[in-house]
Amino acid sequence: MSAGNNDEVNVLQISIHGVLVGYLAGFKNGRNVLSIADSFKNDPKRPTLSLITHPSFPNATKLMAAPWVQNQRLHPVFSNLLPEGSLRELIAQSLKVHIDNEFQILSYLGEDLPGAIKATPMEPEDIPDYVLSTHGKAKAVKFDKTTQENKFSLAGVQMKFSMKEKEGRYNLSKDDALGDWIIKTPSTQHKFVPLNEYTAMSLAGMVGVEIPEIKLVELDKLDNLPQINLPNEKQAFAIKRFDRDDNQRIHMEDFAQILVKYPHEKYTSANYENIGKVIYDFSGDGLTDAQQFARRLLVNILLANGDAHLKNWSFVYPDKVTPRLSPAYDIVTTNVYIENETQYALNLGKTKEWYTVTMAHFQWWADKSGIPWRAIKPHLDEVMKKARERWPEALTTLPMDEAHKKTLRSHWNTLQDDFKIEAKK
Ligand SMILES: Nc1ncnc2c1ncn2[C@@H]1O[C@H](COP(=O)(O)OP(=O)(O)OP(=O)(O)O)[C@@H](O)[C@H]1O
Ligand SMILES: [Mg+2]
């Protein structure tokens with residue numbers, strides 16, 4: 001943003017699938033305001049920006065009537081599109097902006113955000129008068145020119161890149177080309193995370209969890225990565241993007257966006273009953289998606305994944321309007337990294353304890369979510385049957401670190417009888 005006073009404003013045009021949503025004005029003091037265009041509000045067939053703007057969402061009309069005004073942080077629908085951890089630091093540093101300046105970061109990454117939203121910097125003369133007049137004596141100014149390449153945004157804490165695959169090599173997407181794989185490079189903090197994630201996701205896939213295509217990729221197959229610290233490990237974890245199809249965008253949003261929470265509230269502001277209820281009530285196939293959600297909740301317990309917080313669940317909008325539960329992602333056996341970890345991320349049946357949770361908690365969960373238990377129980381039984389039949393053998397050949405395998409087997413043996421899996425230690 002150019003130097004100047006608090007009346008100077010930059011404006012981003014917000015669109016989705018080429019449809020105008022509105023104008024996001026950013027002031028120097030951090031105040032930012034989204035004015036939603038009448039054409040969007042009044043279109044009963046509008047593409048879904050967020051579940052809260054879906055025509056059948058109870059308060060959609062009311063929510064869009066007034067501008068969305070925030071200070072420093074952007075509204076959660078946009079704030080949750082930005083990286084949280086090391087990728088955010090990398091971008092803020094190269095842009096020379098403060099890490100909390102979300103408007104600036106969005107304006108830089110706006111052409112390649114998760115899902116299908118675009119945020120495009122506007123020239124002052126292109127901004128409609130009515131947008132500026134809502135901001136008193138505000139004067140529109142040009143955005144500062146930036147020249148860095150590799151402008152993609154991915155949410156989450158770990159370092160990751162959006163890359164395009166060609167003949168077994170992976171390139172950071174450039175110009176208008178969109179990346180179709182997320183590449184998570186090994187961590188300097190925790191050992192063998194890519195092997196762990198590949199193994200946990202593979203095990204999940206064996207018991208009926210819907211997962212995207214995944215791979216382990218040799219680091220020397222990754223081209224033009226920026227300078228980052230890497231440990232002495234050879235492979236990265238690759239997962240095919242379900243919000244991209246060739247160069248097309250498929251809209252998605254995570255449950256922090258859906259529940260209008262900020263990233264820092266991802267562990268504290270909701271429970272699995274809240275998510276279950278939204279899935280059952282609003283998905284285009286509520287029962288199928290609730291059954292899939294229940295399977296994943298159980299699998300996260302079985303795999304000692306303590307990190308299935310709000311941002312690790314998403315809706316995807318394949319027909320641009322109707323939500324469906326997205327494929328699973330970010331399933332990692334976290335208890336191998338966190339000493340004495342005994343809890344999963346959000347409450348389920350009023351508990352978070354891996355070693356006390358039973359089927360009875362799942363029944364309570366289903367009841368509270370308004371989902372018929374008789375339609376859920378067979379899915380949980382099937383997960384247990386398949387996990388007991390397949391996992392002990394599969395784990396011997398999957399590439400997880402041997403010490404981590406040992407911890408996972410011991411976790412299996414420590415679960416309550418409903419969920420225990422016998423495996424040689
Ligand atoms: N296959 C996929 N297709 C599209 N988007 C994805 C996919 N996998 C992950 N994402 C998106 O990217 C974000 C980051 O991915 P992921 O959760 O794996 O990273 P992370 O940094 O390990 O997360 P956390 O902060 O939870 O540890 C997710 O929150 C989700 O929005
Ligand atoms: Mg995540």
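Tutor: A donor to the metal is here an N, O or S atom within 2.8 Å of it, and since water is not among the atoms, a site may look incomplete. With that cut-off, and bearing in mind that this is a predicted model, the magnesium ion, ligand 2, is coordinated by Asn-312 through OD1 and by Asp-330 through OD, at 2.1 to 2.2 Å. These two residues link distant parts of the chain, being 18 residues apart: Asn-312 belongs to the loop between helix H10 (286–302) and strand S16 (314–317), while Asp-330 belongs to the loop between strand S17 (324–325) and strand S18 (343–348). Both Asn-312 and Asp-330 are buried.

Turning to ligand 1, its surroundings consist of 20 residues, the closest being Val-157, Gln-158, Lys-160, Lys-184 and His-309. By class, this shell holds 8 nonpolar, 4 polar and 8 charged residues. Backbone atoms take part in several of the polar contacts: a polar backbone atom of Val-157 is 2.8 Å from an oxygen atom of ligand 1, a polar backbone atom of Lys-240 is 2.9 Å from a nitrogen atom of the ligand, and a backbone N or O atom of Phe-242 lies 3.0 Å from a nitrogen atom of ligand 1. Of the 620 Å² of accessible area that ligand 1 has on its own, the protein covers 95%.

Strand S9 (181–184) and strand S12 (235–240) each contribute at least two residues to the shell around ligand 1, and both strands belong to an open sheet of 6 strands with mixed pairing, in the order S10-S12-S9-S7-S8-S11. At the edges of this sheet are strand S10 (214–218) and strand S11 (222–223), each of which pairs on one side only. Strand S8 (residues 169–172) pairs with S11 in the parallel sense over 2 bridges, and the bridge partner of Asn-171 in S11 is Asp-223.

Note on methods:
Residues numbered from 1 in each chain as written. Chains lettered and ligands numbered in written order. Predicted model: local features only at pLDDT ≥ 70, side-chain atom pairs only at ≥ 80, totals over all residues. Heavy atoms only, no water. Donors = N, O, S within 2.8 Å, 3.2 Å for Na, K, Ca; no water. Helix = DSSP H or I, 4+ residues; strand = E, 2+ residues; numbered from the N terminus. Buried < 20%, exposed > 50% of the residue type's maximum accessible area, 1.4 Å probe, protein only. Near = heavy atom within 4 Å. Polar contact = N/O pair within 3.5 Å; in protein donor to acceptor, adjacent residues only side chain to side chain. Areas by Shrake-Rupley, 256 points an atom, 1.4 Å probe, with all protein chains shown as cover. Nonpolar A, V, L, I, M, F, W, Y, C, P; charged D, E, K, R; others polar. Pairing = 2+ DSSP bridges.
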